[in-house]
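Morning, everyone. I have one structure to go through today, and I will keep to what can be read from the coordinates.

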Amino acid sequence: MRKMKTWKQRQNRNGYMFMIPWIIGFAVFTAFPFAATIILSFMNVNSTILGYELKWTGLSNYITAFFKNVEFVPALGGYLKVVIPYTFVVVVVSFVIAYILEHIVKLKGFFRTIYFLPVIIMSGPVMAKLLDTKVSDMELFAGQSYSDIFIIQMIASYSRNAAVLVTDVFEQLSTILWFTGIPIVLFINGLQKINPSLYEAARIDSANEWQILWKITLPIIRPTALIITVFTIVQLGMFDINPVYSLIVTYMGNTSGGLGFAATYAWIYTVIVLMLMGIAFLILRERKNKVKHY
Amino acid sequence: MKKHLTKKIISEKAMRIIYYVLLVCVSFVFLEPIFRIISKTFMTPEDVIDPVVDWVPRKLSLNNLKVALKVLNLKVTLNNSILFSALLAVGETVCAAFTGFALSRYQFAGKKFWYVMILLCFVVPTTVLMVPRLMMFVTFQETIKFTLIGTPIPQLLMSLFGQGVNSTILILIFQNFFNLIPKSLDEAAMIDGAGPLRVFFHIGLRLSYSTVLVVFLFAFVWNWNETYVTGTLLRSGMQLLPQKLALFDSEFESVVSSSGNAFKINEAYKMAATLISIAPLLILYAFVQKKFIEGIENTGITGE
């Protein structure tokens, strides 16, 4: 007679039976490449007919990246200049839209359908073509520009960089908004989960909508906002508006020694992305110990 | 008292009007690029460079569409793109279903660890993984003497083993749906002698046809729009619509000038090509938009 297995053993066996394809894939296609990139970033990679020639070069790739290569550091700066304001705008705008959508009755589905549309059609080439056309349109209608607006000029008188940043955000508004598709749905989902009796209790205590928004809705929605921030940073990294990305792609096509550089750049870039997410986490994490006890 | 109430009603009405105005404005900003694509598509070359013509072309011209169709080689690329995306989507869906089922049904050792790993997979940028992946596939194809680069096989393998485009989200959709199926159904089946695979196919999958469809559609669309991994591993092994669009400017020169025409490339041609390449997705969205939105709602990553 076959020996009976315990419940725990069966759970283990069956669970891993279903997990095994993913675990194999994870080990081969994600965990191993991730570790390999770190090692490759210290190497010079030459692709020859016989295969890859690896040579340990120590920190030389990093030195080249930061001090010798004229493209990399500006590209990183460009990336930060894009990702920080864009993420901020995406999170705020998608929350506002989700909040409004929660407070209307008619045409809710219609608006949601419009706001979700970009998720379906957005791809690198489409984005590139749109930005392309926008630039040539700007040249055509040279007279009108956001930098002429009074408020922007006021900002410019304090700090030119801030004005350029604000102008950029307005000029790219459609592009930025195209990243809000999924965040809006997630925010709506989060808002719907807030217990309505909390609102009722606040109203009985004569709180107005504005107070309810700041004292109840926002604190409860904070974890969702964290997820959405991380999600947006990931999404923004995958498109051509990210200059580091196109730089890495160029280096990957370069067969003589390019792969090692690509690995170094990709690795530095990943560290920065993870750091950004860490900062987002620090800002948006739940602060439990701040609750006052009376 | 009454005065106070009417005041409140009026302010609520005003608020509602402000909300709708805002929503319509935002909708316009969302759709502006698409309107621009459509309006440019039908412009004649003269209209494109005329600063007076902003939105509505003076004369409708179908010439742009015709030329773009030819340059994009639509008959071949459309078929290829659909086949390619569907193939990868099937792979991703199968793996996501298995993994989602494991996470929802079994309490195995190290489950928390794997769950965190699944989430981390989403966060790590694909760029950091591509160099070793490429080298791995090249080395592998040298050893077995069988061409892998330039075929969909590497990506199919990655999808089948759960490392395709946004596989994490697909797994979460499945996990959350399987969580909704009562466990007593599994137990009933197991008492009748069904093994875990039978439970998966006859209870898990049987009840989740619509989830399978949602996941498949997402995987399809994401694989369609993905160009980075495809550009690295498939390269020009298959003519795909988004890749063709990316190369449109250079292809335009060769196709049009070889046929003896003296068109110069302009925005209108580019926009016509863009319209053609997003049209299949727009049509798909028109039919199943509800499913897409529900799919994202069901990931449950906003915390249950």
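This is a predicted model: local features need pLDDT of at least 70, side-chain atom pairs count only at pLDDT 80 or more; totals for chains, interfaces and linings use all residues.

Residues are numbered from 1 along each chain as its sequence is written, and chains are lettered from A and ligands numbered from 1 in the order in which they are written.

Chain A first. Chain A has 13 helices and 2 strands; helices here are DSSP runs of H or I with at least four residues, strands are runs of E with at least two, and both are numbered from the N terminus. Of its 294 residues, 34% count as buried. Buried means 20 or more other C-beta atoms within 10 Å of the residue's own, exposed means 12 or fewer, and partly exposed is in between, with C-beta atoms placed from the backbone. Two residues are in contact if those C-beta atoms lie within 7 Å. Among contacts in chain A between residues at least 6 apart in sequence, 72% join residues at least 24 apart.

Now a helix pair. Two packed helices are described by the angle between their axes and the distance between the axes. The axes are lines fitted to C-alpha atoms, for helices over the stretch in contact, and the angles run from 0 to 180 degrees between N-to-C directions. In chain A, helix H9 (residues 181-192) packs on helix H11 (residues 209-237) at about 165°, with the axes 10 Å apart. H9(A) and H11(A) are therefore roughly antiparallel. On that scale, under 35 degrees is roughly parallel, over 145 roughly antiparallel, 65 to 115 roughly perpendicular, and the rest oblique. The residues in this contact include A:Leu186 and A:Phe187 of H9(A), and A:Ile228 and A:Phe231 of H11(A). By class, the contact has 9 nonpolar, 3 polar and no charged residues. Nonpolar means Ala, Val, Leu, Ile, Met, Phe, Trp, Tyr, Cys and Pro; charged means Asp, Glu, Lys and Arg; the others, Gly among them, are polar.

Helix H10 (residues 196-204) of chain A is another matter: of its 9 residues, the number buried is 0, so H10(A) lies largely in the open. Just after H10(A), A:Ser206 takes a positive phi of about 60°.

Next, where the chains meet. The contact takes 78 residues from chain A and 72 from chain B. Among the helices that each supply at least two residues to the chain B side are H1 (2-41), H4 (74-105) and H15 (267-297). That side of chain B has 47 nonpolar, 15 polar and 10 charged residues.

One residue to look at is B:Pro125, in the loop between H5 and H6 of chain B. What does B:Pro125 contact, leaving aside its neighbours within four places in sequence? The partners are A:Gly237, A:Tyr269, A:Thr270 and A:Val273. B:Pro125 counts as buried, because it has 21 C-beta neighbours inside 10 Å.

On to the helix packing in chain B. Helix H3 (residues 63-72) and H15(B) pack at about 65°, with axes 8 Å apart. That makes H3(B) roughly perpendicular to H15(B). The contact includes B:Leu65 and B:Leu69 from H3(B), and B:Ala272 and B:Ile276 from H15(B). Its residues divide into 11 nonpolar, 2 polar and no charged.

Helix H8 (residues 167-180) of chain B and H11(B) cross at roughly 170°, with axes that come within 10 Å. H8(B) and H11(B) are therefore roughly antiparallel. Among the residues in contact are B:Phe174 and B:Phe177 of H8(B), with B:Val215 and B:Phe218 of H11(B).

Last, two backbone angles. Most residues other than glycine have a negative phi. B:Asn73 has a positive phi of about 55° and sits in the loop between H3 and H4 of chain B. B:Asn73 is partly exposed, with 15 other C-beta atoms within 10 Å. B:Lys145 also has a positive phi, near 55°, and is placed in the loop between H6 and H7 of chain B. With 6 C-beta neighbours inside 10 Å, B:Lys145 counts as exposed.
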